[in-house]
Amino acid sequence: MSMWWSLHLRREAASVPLARRFLLGSMETAGVDPDISYDLSVALTEACANAVEHGGGPAADQGDHGGTAPGRAGQDRHVGACGQYRVTAYLDGETCRIEVADSGPGFPARRTLRPAAHPSDTRGAPATMPDCAADPWDMAESGRGLGLIEQLADHVHIGNRPGRGTVVSFDKTLKWREGALLMVS
């Protein structure tokens, strides 16, 4: 058995916890392991926050949150409207795939992410705290969301559609609770 759902949400901060709760409720009902659900919900929260903050065209970023840009009345009343974004989740077999699509300007040239610092990967060096002053990225108050998504998910793909938005998709192998509704046989 599998399931999928899609939400079309306004680019408002209140939509982010709504999407997260919808995902957590779906995964709880299906019987997904709570740790996996939590990881995916945090990744979804970051992707939705990016869509809310960066996912609209210039008209939306200048305060027009009604879904249409001036001079285009009625043309933008679809998923890609400046004031909206879409979240789609697929639970199928052993995998959950989540996609968050917006209509923003797209990402600039992608930065290179630093490798994860796993506690078990000391490579012979003593455990020390990073020198935050040496790396401005560590000091930034924003800009960590994509890195967090990459740490929490198994696979991440960013589809950059310049002038038409961005699609952030990520997936994770599921673990199931005993007696789960969607568990793979």
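Modeller: F22 is partly exposed, with a relative accessible area of 39%, where buried means under 20% relative accessible area, exposed over 50%, and partly exposed in between, computed with a 1.4 Å probe on protein chains only. The model is a predicted one, in which local features need pLDDT of at least 70 and side-chain atom pairs count only at pLDDT 80 or more, while totals for chains, interfaces and linings use all residues. Residues are numbered from 1 along each chain as its sequence is written, and side-chain values use heavy atoms, with hydrogens and water left out.

W5, by contrast, counts as buried, at 9% relative accessibility. Across the whole structure a search finds two aromatic pairs. In one of them the ring centres of W5 and F22 are 4.7 Å apart and the planes stand at 75°, so the pair is edge-to-face. W5 belongs to strand β1 (residues 2-10) and F22 to helix α1, so this pair ties together parts that are 17 residues apart in sequence. Rings of Phe, Tyr and Trp (its six-membered ring) pair if their centres lie within 6.5 Å, and planes under 30 degrees apart count as stacked, over 60 as edge-to-face and the rest as tilted. Helices (H or I, at least four residues) and strands (E, at least two) are DSSP runs, numbered from the N terminus.

Beyond this pair, α1 lies across β1, β2 (84-92) and β3, and runs at about 170° to β1. The axes are lines fitted to C-alpha atoms, for helices over the stretch in contact (heavy atoms within 4.5 Å), and angles run from 0 to 180 degrees between N-to-C directions. The sheet itself is open, with five strands in the order β1-β2-β3-β5-β4 and antiparallel pairing. Its edge strands are β1 and β4, each of which pairs on one side only, and the twist averages 10° from one strand to the next. Two strands are taken to pair if DSSP finds at least two bridges between them. Seven bridges join β4 to β5, which run antiparallel, and V156 stands opposite F170 in β5.

The structure holds four of them, each being a side-chain nitrogen of Lys or Arg within 4 Å of a carboxyl oxygen of Asp or Glu. Since E28 lies in helix α1 (residues 15-30) and R177 in the segment after β5, the pair ties together parts that are 149 residues apart in sequence. R177 is partly exposed at 30% relative accessible area, and E28 is partly exposed at 48%.

D171 counts as buried at 8% relative accessibility, whereas R97 counts as partly exposed at 32%.

Strands β4 and β5 also meet a helix. In α5 (residues 145-152), G145, L146, G147, I149 and L152 are buried, and the buried residues of α5 pack against α2 (34-54), β4 (155-161) and β5 (165-173).
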